[in-house]
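Please keep the picture open while I talk.

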Amino acid sequence: MLFPLPRWFAHRGGGSLAPENTLAGIRLAARLGYRAVEFDVMLSADGTPVLIHDETLERTTSGVGKVCDTPDAILFALDAGDGERIPRFAEAATLCRELGLLANVEIKPATGHEVLTAEVVARLTADLWRGAEVQPLISSFSLAALEVARDLAPEVRRGVLFEVPPADWLAELRRLQAVSLHCDADLLDDEVLATARAHDIPVLCYTVNTDKQAKMLFARGVSALFTDRLDLFGGETNPYDCLHLVG
Ligand code: G3P
Ligand code: MG
């Protein structure tokens, strides 16, 4: 089946112009012309999947302590920046569907919670996007989480996230029946890129915040980029040609 892969993903749901991993960020990305958004999903102490990057609350919210130790009643009362709340994953999914955005759902489990987080997020992803025209892409640095996603929601496409792809990355990608390779833009090796291209595997790189680096990576054959700089790559200047990939 063919699926569209926009060239640009708004990183952490909105990046620098809005608080990260918030509904305001997702709305802003869509307003600026982005067609895809990446966000991080972790479980609260009540097992509710929410959008947040760090295991702890301090950097991005008015709270303290670990996300996985914080009950919903406290979590949803926090300020996640500019008066925004931490969104429930379900709210972000509904918004992405409304706006026609491709969502890259990064399963971001707190340490030791890989399997449970993946079970909840993978099942919910399949439910929340059932029948949607634009289907999501699940990714994770946790191979254990991707394995769970493969088994519980095989119909939801998966991308494997590595900071630096290991020697056996292709075998891992095949084992996880994943369609894309996601890795650190600064550490991308030509050999990895050549192998991926030879196998028609799209490579997506994070996090690219300069025009110079973006041009270089596209010229090298990278398929899509994650950016915090919605201002830099949004609107007219954004090369919105969409790749159509088999997966
Ligand atoms: O999914 C790409 C990127 O978001 C991975 O890094 O730490 O920003 O979640 P991080
Ligand atoms: Mg992420």
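Let me begin with a term: a residue is called buried under 20% relative accessible area, exposed over 50%, and partly exposed in between, computed with a 1.4 Å probe on protein chains only. Before I use it, please note that this is a predicted model, in which local features need pLDDT of at least 70 and side-chain atom pairs count only at pLDDT 80 or more, while totals for chains, interfaces and linings use all residues. Side-chain values use heavy atoms, with hydrogens and water left out, residues are numbered from 1 along each chain as its sequence is written, and chains are lettered from A and ligands numbered from 1 in the order in which they are written.

With relative accessibility at 18%, Gln-213 counts as buried, and its place is in helix 8, residues 211–220. Helices here are DSSP runs of H or I with at least four residues, strands are runs of E with at least two, and both are numbered from the N terminus. If contact means heavy atoms within 4.5 Å, then Gln-213 touches Ala-185, Asp-186, Thr-207 and Val-208, leaving out residues up to four places away in sequence.

Glu-58, by comparison, sits in the loop between strand 4 (49–51) and helix 2 (72–75), and with a relative accessible area of 41% Glu-58 is partly exposed. Its contacts, apart from neighbours within four places in sequence, are Gly-63, Val-64 and Gly-65.

Turning to helix 1, residues 23–31, we find that its buried residues are Leu-23, Gly-25, Ile-26, Leu-28 and Ala-29. What covers them includes strand 2, strand 3 (36–43), strand 4, helix 3 (89–99) and helix 9 (230–233). Just after helix 1, Gly-33 takes a positive phi of about 100 degrees.

Now to the packing of two helices. Helix 4 (residues 114–128) and helix 5 (residues 143–152) pack at an angle of about 35 degrees with their axes 8 Å apart, where axes are lines fitted to C-alpha atoms, for helices over the stretch in contact, and angles run from 0 to 180 degrees between N-to-C directions. Helix 4 contributes Glu-114, Val-115, Ala-118, Glu-119, Ala-122 and Arg-123 to the contact, and helix 5 contributes Ala-144, Ala-145, Val-148, Ala-149 and Leu-152.

Finally, the aromatic rings. Rings of Phe, Tyr and Trp (its six-membered ring) pair if their centres lie within 6.5 Å, and planes under 30 degrees apart count as stacked, over 60 as edge-to-face and the rest as tilted. By this rule the count comes to six aromatic pairs. In one of them, Phe-9 and Phe-226 have ring centres 5.0 Å apart and planes at 45 degrees, so the pair is tilted. Because Phe-9 lies in strand 2 (residues 8–10) and Phe-226 in strand 10 (residues 224–227), the pair ties together parts that are 217 residues apart in sequence. Phe-9 is buried at a relative accessible area of 0%, and Phe-226 is buried at 3%.

Phe-141 and Tyr-206 form an edge-to-face pair, 6.1 Å centre to centre with 85 degrees between the planes. At 38% relative accessibility Phe-141 counts as partly exposed, whereas Tyr-206, at 15%, counts as buried. Trp-8, Phe-218 and Phe-233, to end with, form one aromatic cluster.
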